[in-house]
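This report is a guide for a reader who meets the structure for the first time.

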Amino acid sequence: MPTRIVCLGGGHCAATLAKHLNPAVHRGLIDVTFIDRDNFSVFHGFIHEMLCAKVQPSQIASPARRLFPPSKFHNAEIERIDLAAQTITTSRTLDGREYVLPYDHLILALGSIDDLSRYAGTAEHAQKLKTYSDCFKCRNHIIAMLELADIETDPAERRRLLTFVIVGGNFGGTEVATELHEYLYSLTQKEYPGIRPDELRVMLICAGGHILPELSQHHQPLVEWAERFLATSGVDIRYNTKVTAATPEEIVLSTGERIPSRTLISCSGTAQSPLLDGLDISRDERGRVKVDGNLRVLGHANVWAGGDCAAVPHPKGGTCPQLAIYAKTQGRQIAENLIATVDGGKPKRYRFTGLGDAVSLGRRRAVGHLKGIRLTGFVAWVAWRMTLLQFVPTWDRRIRLVIDWMLWPIFGRDVVNIRMDDSVGIRREHYEPGQEIVREGEIGRRLYIIWDGEVEVVRAEASGPEVLATLGRGQHFGETAVFQNVRRTASVRARTKVDVLSVGHKESLALSVMGSFGDTISKLPAKLPQL
Ligand SMILES: Cc1cc2nc3c(=O)[nH]c(=O)nc-3n(C[C@H](O)[C@H](O)[C@H](O)COP(=O)(O)OP(=O)(O)OC[C@H]3O[C@@H](n4cnc5c(N)ncnc54)[C@H](O)[C@@H]3O)c2cc1C
């Protein structure tokens, strides 16, 4: 009977793992199953080009059904890992029905997730770029801001809509900020003549004194070149600054400055999958699974790990960075070691020390180094693209990407906003002291339940604003406007830092049939005006 191998995750590490395991699957030596909630593998290297419509969204997603066969692919959410029983439990998205997959060898290739604890409001208001659906939402959000600004007459609101803040001066943040700047300005030439270029603002917030910390240790001249180039780009770079809070209409910086903006793109900070919590495995200070030099999880002879979720010892010391090239080469090494182990041979040490790094700076410029040779400008940009293209796992996606690159200079970039309506649903929102949550006179589309903090209910009187009530945790506001279709009769503003559950119109109506919810919500607290 073939040895049963299950790989958790179908990303970069898994794709090369499959490539190198598949000959043994053909021979009947092993039976391999890859599990992922998405039936595609995302290539993050071109995310900024997808966000800014240089390439069509699906070009950066390679179909799992072409990547993994003859290995099996299991498209479901991984729910539990049972190392003692050697089983994996998954659930299907349709209704949560569970499936149990037994294994002889397990590979952890779960990647990483966004760290939503960085500052107040990250989870609620930052655009995140880890999953494909987050990236797709962000792409549409950018175009939505332009459409909203185009019809807006209030200069302050136009400024808010046209200010885009990117947090993280690393490779990802720098690429997004520079590409976005170029994209937005190009759109004002033709598609959005109603928006003046001087109304646009792209900000890059860097925690350190320089951008590109990934290059600073060994390639400081490249960092300096990039900073000189960016100084001419128009991107507003803030060094030694952090974001401390985000709200639906403001971004608060560690300098105390409050930036009116409806777009914060988070490129900083990753955390590990909650699936790893509670497992009997060693983790490093960043939560990554500790493995030995052969990529075997410490203390577990039949569990292996690679890619972003693993703390893989770097042959030159320290651990490997969370980059696609490392995930891929680790996938290959795990495959070779697994086959050696199943065949009764000895696994080998992981020896890859990197090829180089490169980062695009917009306007067809990049900086990078390849096998120790430093490159800057246009040459670096061409080399960067050609190198990254090789990492795209399927040929059809590579060809489609090249076609898109040839087409956009002729036809322009895409400006279709495929609306993913998020005005419905229940979501958490964060507000800073003094911010208005609902405004008197507005049509009420949502009701709010206070999760944490306090708000004041304020009505404009001839003598000035009058505070009518103070509400705290567990209390709610905004229900009358939602249930009775009337305009807000007072404003509500945050008295302290406030987190609220914001409940959409349809959901409020649906929940109101539940006695407990409907009764509580429809009973107005004492002295609370109809909002
Ligand atoms: C914005 C951005 C830009 C980047 N740019 C670059 C770049 O230019 N160059 C570079 O080298 N690297 C870049 N990276 C990093 C690179 O993408 C990662 O290092 C690489 O993806 C890691 O590969 P992996 O196989 O470990 O994880 P991933 O490729 O992330 O794959 C993990 C898979 O596990 C699946 N998964 C996780 N949990 C579950 C679950 N519970 N149930 C089901 N499935 C699950 C996920 O759906 C995912 O498909 C970038 C990353 C980001 C976020």
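## The antiparallel sheet

I449 stands opposite L501, a residue of strand 33. Strand 28 (residues 446–452) and strand 33 (residues 498–504) run antiparallel and are joined by 6 bridges. Strands here are DSSP runs of E with at least two residues, helices are runs of H or I with at least four residues, and both are numbered from the N terminus. Two strands count as paired if DSSP finds at least two bridges between them.

These two strands belong to an open sheet of 4 strands with antiparallel pairing, in the order 26-33-28-31. Strand 26 (426–431) and strand 31 (476–477) each have a single partner strand and stand at the edges, so one side of each is left without a neighbour in the sheet.

## Basis of the model

The model is predicted: local features need pLDDT of at least 70 and side-chain atom pairs count only at pLDDT 80 or more, while totals for chains, interfaces and linings use all residues. Residue numbers start from 1 along each chain as its sequence is written.

Another open sheet is formed by 5 strands in the order 11-18-12-13-14, with parallel pairing. Its edges are strand 11 (126–128) and strand 14 (236–238); each has a single partner strand, so one side of each is left without a neighbour in the sheet. From one strand to the next, the twist averages 25 degrees.

Strand 13 (residues 201–205) pairs with strand 14 in the parallel sense over 3 bridges. I205 has R238 as its bridge partner in strand 14. Helix 7 lies across strand 12 (163–167), strand 13 and strand 18 (263–266), and runs at about 175 degrees to strand 13. Such angles run from 0 to 180 degrees between N-to-C directions, with axes fitted as lines to C-alpha atoms, for helices over the stretch in contact.

## Domains and their contact

The domain assignment gives domain 1 (3–37 + 76–110 + 275–342), domain 2 (122–268 + 357–411) and domain 3 (426–521). These bounds come from an automatic or database domain assignment. The centres of domain 2 and domain 3, taken over C-alpha atoms, are separated by 35 Å.

In domain 2, 9 residues are in contact with 7 residues of domain 3, where contact requires C-beta atoms, placed from the backbone, to lie within 7 Å. Helix 4 (122–125), strand 15 (243–246) and strand 16 (250–253) each give two or more residues to the side of domain 2 that touches domain 3. Helix 4 gives the most, with 3 residues. By class, this side has 5 nonpolar, 2 polar and 2 charged residues.

## The ligand shell

The ligand is surrounded by 31 residues, of which G9, G11, H44, G111 and G307 are the closest; a residue counts as near if its C-beta atom, placed from the backbone, lies within 6 Å. At least three residues of the shell come from each of domain 1 and domain 2. Helix 1 (12–26), strand 6 (77–82), helix 7 (171–189) and helix 10 (324–342) each supply at least two.

The shell has 14 nonpolar, 11 polar and 6 charged residues. Ala, Val, Leu, Ile, Met, Phe, Trp, Tyr, Cys and Pro count as nonpolar, Asp, Glu, Lys and Arg as charged, and the others, Gly among them, as polar.

## A buried loop residue

V297 lies in the loop between strand 20 (289–290) and strand 21 (303–305). V297 is buried, because 22 other C-beta atoms lie within 10 Å; the cut-off for buried is 20 or more such atoms within 10 Å, with C-beta atoms placed from the backbone, against 12 or fewer for exposed and partly exposed in between. Leaving aside residues up to four places away in sequence, V297 touches I281, V289, V291, V303, W304 and A305.

Conventions. Contact = placed C-beta atoms within 7 Å.
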